[in-house]
Amino acid sequence: MSPDQESVLFYYDPNPSESRAVILLHGLGADGESWGYQAAALSRVGFRPITPDLPGFGRSPLPADVEWDIARCAQMVTCLLDQLGLDRFVLVGHSMGGTVAQQLALNAGDRSFSASIRLLTCSISSSAFMLLIVIAVVQ
C-alpha cells in the first residue's frame with residue numbers, strides 16, 4: 001500500500017474557512033456524520049468543524065491487507081491534519097474517538113503543541129457512561 005492510500009480519510013468540512021478548527025472523532029460503530037448537530041452549532045458560532053470517518057467506518061476504507069488499530073487511526077488523522085495544513089485546532093473524541101485523540105497527542109513527537117485533556121463523563125443510565133475527551137491543541 002502506498003503512503004497516499006494509507007493516509008486517505010473521508011471527512012466532512014461544512015465550514016471551510018480560516019476559523020479555528022475543531023476536529024471531532026466519532027466512536028465505535030459511528031462515522032463523521034454522527035457529529036452533525038454539533039458541527040452545525042460550531043459552524044454557527046464561527047468554528048470550522050471537521051469530522052473525519054475513521055478508517056473502516058463510513059466512507060473511509062480500510063484495505064483488506066491492513067490490520068485496524070488505534071495507532072494507525074491516530075496516524076491517519078495526523079496525515080489528514082497535515083494535508084489540511086492545520087497547526088492549531090481543538091481535538092474532540094467520543095468513546096473510541098477519544099482513545100484515538102489520546103494516541104494522536106502521545107504520538108506528537110516533534111510537533112510543538114501543548115495539550116490539555118479534559119475528561120467529561122455523564123450518566124446515560126444506571127449502568128452506562130459516556131466518555132468524551134477534549135484535547136485543546138495550541139501551538
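Modeller: Happy to; we will take a charged pair, the cysteines and a helix packing in turn. This is a predicted model, where local features need pLDDT of at least 70, side-chain atom pairs count only at pLDDT 80 or more, and totals for chains, interfaces and linings use all residues. Residues are numbered from 1 along each chain as its sequence is written, and side-chain values use heavy atoms, leaving out hydrogens and water.

Biologist: What makes aspartate 13 and arginine 48 a salt bridge?

Modeller: A salt bridge needs a side-chain nitrogen of Lys or Arg within 4 Å of a carboxyl oxygen of Asp or Glu. Here the N to O distance is 2.5 Å, so the pair meets the rule. The count comes to 1 salt bridge.

Biologist: Why is aspartate 13 called buried?

Modeller: Buried means under 20% relative accessible area, exposed over 50%, and partly exposed in between (1.4 Å probe, protein chains only). Aspartate 13 has 19%, so it is buried. Arginine 48, at 11%, is buried too.

Biologist: How accessible are cysteine 73 and cysteine 79?

Modeller: Cysteine 73 is at 0%, therefore buried, while cysteine 79 is at 25%, therefore partly exposed. The whole structure has 0 disulfides, a disulfide being a pair of cysteine sulfur atoms within 2.5 Å.

Biologist: How do you know how α3 lies relative to α4?

Modeller: Helix α3 (residues 70-84) and helix α4 (residues 96-106) pack at about 70°, their axes 8 Å apart. Angles of 65 to 115 degrees count as roughly perpendicular, so α3 is roughly perpendicular to α4.

Terms used
Axes fitted to C-alpha atoms, helices over the stretch in contact; angles between N-to-C directions. Helix = DSSP H or I, 4+ residues; strand = E, 2+ residues; numbered from the N terminus. Parallel < 35°, antiparallel > 145°, perpendicular 65-115°, else oblique.
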